[in-house]
Amino acid sequence: MTLKTRLLLFWFCSVLLCLLGLRLLFAVALDRHNHDNAHQAIRWGIDVLKTNLDETGAGLTKAGLRIASYPSTQASVNIIDSYQDIDHYQSIVFDEEKKKISMMLSREVVQPGICDLAVIFDNQDNLISFAQAGPQGVRAGYLSYLDGKPAIYGLIGNKHVQQDDMPAFIDCSSFATQSAGVFYYHSCPCGFGVVCTAPIVRNFPKGPPKEIGRLIMIKFLDQEFVSRLANLTKLELKIISGNHTVGNGLSKFNTTHLPSVLPSVFSSRDTVEESKIESDRYYLHALSLPAANGESAFVLFGIDRFEQKQHIAVLQSVLFWILVATALFMLPAGYFFLNRMISTPVSRLIDGIRRFENGDMEPIREFPASGEFSTLALTLNSMSEKLHEREKDLKQQRALLHSLVNSIPDLIFYKDQNSVYLGCNKAFEIFAGKKESEIAGKTDVDLFSGEVARFFRKKDQLVLESGKANRHEEWVTYPDGHQELLDTLKTPFVGPDKDLLGLVGVSRDITRLKETEQDLAREKERLAVTLRSIGDAVITSDTEGNVVLLNKVAEQLTGWSQEEALGKPVSQVFHIINEKTGSLCENPIEKVLELGKIIGLANHTALISRDGVQRSIADSGAPIRDQESKIIGVVLVFRDVTDQLKMEEELLKIKKLESVGVLAGGIAHDFNNILTIILGNINLASRFIEPDNEAISLLRKAEKATLRAEKLTKQLLTFSKGGDPVRQTAAISQIIRESAEFILHGSNVVCHYSIPDDLWLVDIDSGQISQVLQNLIINACHAMPEGGKIDISCANITNITSETMLSLHRGDYVKIMIRDYGVGIPQKILDKIFDPFFSTKQEGSGLGLATCHSIINKHDGHIMVQSEPGTGTMFTIYLPAADRGKSAVKDDRTSLFTSGSGRIMVMDDEPMVRDLAGQMLTHLGYEVVLVVDGAEAIARYKEAREAGDSFDLIVMDLTIPGGMGGVEAVRGILAINPEEKVIVSSGYSNDPAMANYRDYGFSGAVAKPFDLTELNKAVRSVLS
């Protein structure tokens, strides 16, 4: 069917439906209009009926009031009053005159058009008289008795009649007891009436008025009343009650069913009620009438529907032909309009759209210049052009997107809600071993093994059920057999309407990344271990100067943990000041970032830790650069140099002592030679003089002075390298007690000892150590001029590093602590007390503590001091312990002056010393040969051996200025005779040969200056 045919059919049907609809609406409207008019007319008729009934009741009321004012009312009252005490009719005594008067009163009430019936009762509802209007005039009567039975006598007009001539039509019991008002009553000759009651009251001389009777008035609702009302309202009207019916119409309405219908319509018969009644022929309304006798009464109002429909049919017929004429005109007009304005343009549009559908974007032509279809055609042409351009762009974008997705090395795929593949990229094709066309429409079960498929399916369900992305790692095997670790992200695939369409997955090969991460983790662990193992503290920061990392040493020095310091400014964690001024130092982070190179801290920089401890530090800062040499942070490396600075100070002191020692050694060399000559000559001279000679005392004094000079020389020699101690294994406890008791003898200072019995032995020069102890005890006594106590305690130390941070050799040590409770030493000079020639005493030489420091250092030990002004001072000495298997050396006090024998060579460059030594040895009984230097000694030694006259002992000076000394000469002698005995002698101990003479080939040693006793002891110890 063509578009024109459809449009024409549509137009015909539309017109036909419109016309039928209009006719139907018009018919319904007319019917509704008639229906409303009919019910409105009935309502008006009901109102008219009510108005007439109300007017009738009002007229009856007025008539009753008029009777009350009638002149003969009193007579009527008297008549009634005469019967008020009679209980039964049989006992009434009739007074004909009075009965006639009462009858006349009733008759006066009855008036044509107003009252049809009037009845008078006494106050016990006994009938007295009545009057009624009829066709022959007013009929009136009164109650009398005939043969002992009640009978009615009255008038018809002016004619007296008896009961036989008057039909009985009044039933007193049905309305005699009604109260005053208007009632609808049907027990009348015509069946209906309006009833009005009026009381009859007597006024007594005394007491209130009393009702003595009742007047009943009735207006009949007869045919005349109905006809008049019907003519007035133009309605068909019927009044129905029981078998009585009065009306002018409703002949076709079946009234036989009214007794069963109407009682169901009205729920009460004591009031006036209105209701509609359904009927096919009539528009009906029913009005209930309250009846005095207890029976139902109704007034039916109606309009014949058939008469109304006849008028409507005429109008509908006229309307029908008008609509037919309209349809005949509109069909060709509509066809022309539809064909020209709709069918043809739509056909062209459809043809154009079909061309667009087939890809032909040729514009639609041959359209009117204006109108909606022309606008639509122009719009479609514009749309086709834009679609054509967009189609090109879309194809390009699709090709680009397809190339882009296929260029991504990651696996990309997407599925529907049932985990069916919709598409993928090239990387996924390689993984699956199939083309995209083979993958689309398949599930994981179709492409992979059961276990792998179940794993993929489980992850798909997790995403589809939760609606959230899921990320996981999985090992997969490619078709060629190699395995890769894939990091897969699956996310919900949501459409434009927020509907879940499926999921999208992206998988990336992270095998190399995982290996790199593991390498980085291992490298990080190695770095962490390295940082923890580094003895220096390390802090790294970002470019904002905030802490990124602290190693363990940095945590210990700063007092901040890694977790607490992370992200905080470096200046807050690394709090540095100038030790000398106490002012804050420049932030090294800012300086490194500003200069972009390595920097070092200034001297005298101190770190204040979190707990307030101050430490001297040395550090450097360096920029951290990335691969592009861009600074990304700063690293600070620092260390605690507090102890190192102390060690440097100690070394500086030692160097000072060494410098002084060089000077002292040079002086002592010459001075000892002089002292040797003086002491030796004094000693020899005293041997040749009698004991009682006065010169002996002088020589003793000279010898004593020489020994004091020797003691001073030994103090000077302590600073020189030649003052190395001549060590022997000894018990330090005995030396401590002897030294203390010697110094404190006769003083007001006591000494308390705390020395364990198992105190280890030490390898020491007893004389030098005794000198140290005596100097320290003398200083303690000077610090307590008023007397006091000195505590000396000792202990065995196995772990020297736990006692002091100084770099002492590992091993066992003996610790000696000497504490006084004197004035103490001020802090400002505490670091100078070991300096040579520094003294706070006017008579002091400044060599006491310097000598102690030098002696302890030469014994490979350490001495330190702690002091608080006003509290006291404590010196602590650490001496290396001797091997556990050694025992103390005993002093052999044999006779020193027993005469000896043998041949001895003496080598010395100083003639006076050489001659003195020869004289001393000659005095002791030896044959002496004197030589100047080592070369002469070797030559004489060779000559003596060749002559068979060898030497028993050779005494050699250690140092020969400008010639061969003792060390070189002894090598020459031993080269000739390894068993030869040689004693080294020196006054300048700048060579360790004096302390370790055996290491150089010597058999013994004697220090200058020496006396006859010391020389004899040295010679005899070697020869024996």
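Tutor: The chain has 25 helices and 37 strands, where helices (H or I, at least four residues) and strands (E, at least two) are DSSP runs numbered from the N terminus. This is a predicted model, in which local features need pLDDT of at least 70 and side-chain atom pairs count only at pLDDT 80 or more, while totals for chains, interfaces and linings use all residues. Residues are numbered from 1 along each chain as its sequence is written, and side-chain values use heavy atoms, with hydrogens and water left out.

Of the 1024 residues of the chain, 42% count as buried. Buried means under 20% relative accessible area, exposed means over 50%, and partly exposed is in between, with a 1.4 Å probe and protein chains only. Among contacts with a separation of 6 or more, 59% are between residues 24 or more positions apart; contact means heavy atoms within 4.5 Å.

The helix to look at is α23, residues 934-947. Helix α23 has 14 residues and reaches 20 Å from its first C-alpha to its last, close to the 20 Å expected at 1.5 Å a residue. That expected span is 1.5 Å times one less than the number of residues.

The buried residues of α23 are Gly-934, Ala-937, Ile-938, Tyr-941 and Ala-944. Seen down the axis of α23, these buried residues fall within an arc of 130 degrees, so they line one face of the helix. The arc is taken from the directions from the helix axis to the C-beta atoms. An α-helix has 3.6 residues a turn, so residues three or four places apart point the same way. On the face turned away from the buried side, α23 carries the exposed residues Glu-946 and Ala-947.

Now the two ends. Asp-933 caps the N-terminal end of α23, with a side-chain oxygen 3.4 Å from the backbone nitrogen of Ala-935. After α23 comes Gly-948, whose phi is positive, near 80 degrees.

Elsewhere in the chain, the largest nonpolar core has 42 residues, of which Ile-732, Leu-776, Ile-790, Ile-816 and Leu-879 touch the most other members. A nonpolar core is a set of buried Ala, Val, Leu, Ile, Met, Phe, Trp, Tyr and Cys residues joined through side-chain atoms within 4.5 Å. Helix α20 (residues 766-783) gives the largest share of this core, 7 residues. Leaving aside neighbours within four places in sequence, Leu-776 is in contact with Ile-818, Leu-849, Cys-852, Ile-863, Phe-875 and Ile-877. Apart from this core lies another, of 41 residues, including Leu-53 and Ile-200.

Cys-852 counts as buried, at 0% relative accessibility, and His-853 is buried too, at 1%. His-853 is in helix α21 (residues 848-858), and its side chain makes a polar contact with the side chain of Asn-857 at 3.0 Å. A polar contact is a pair of N or O atoms within 3.5 Å; within protein, one must be able to donate a hydrogen and the other to accept it, and residues adjacent in sequence count only if both atoms are side-chain atoms.
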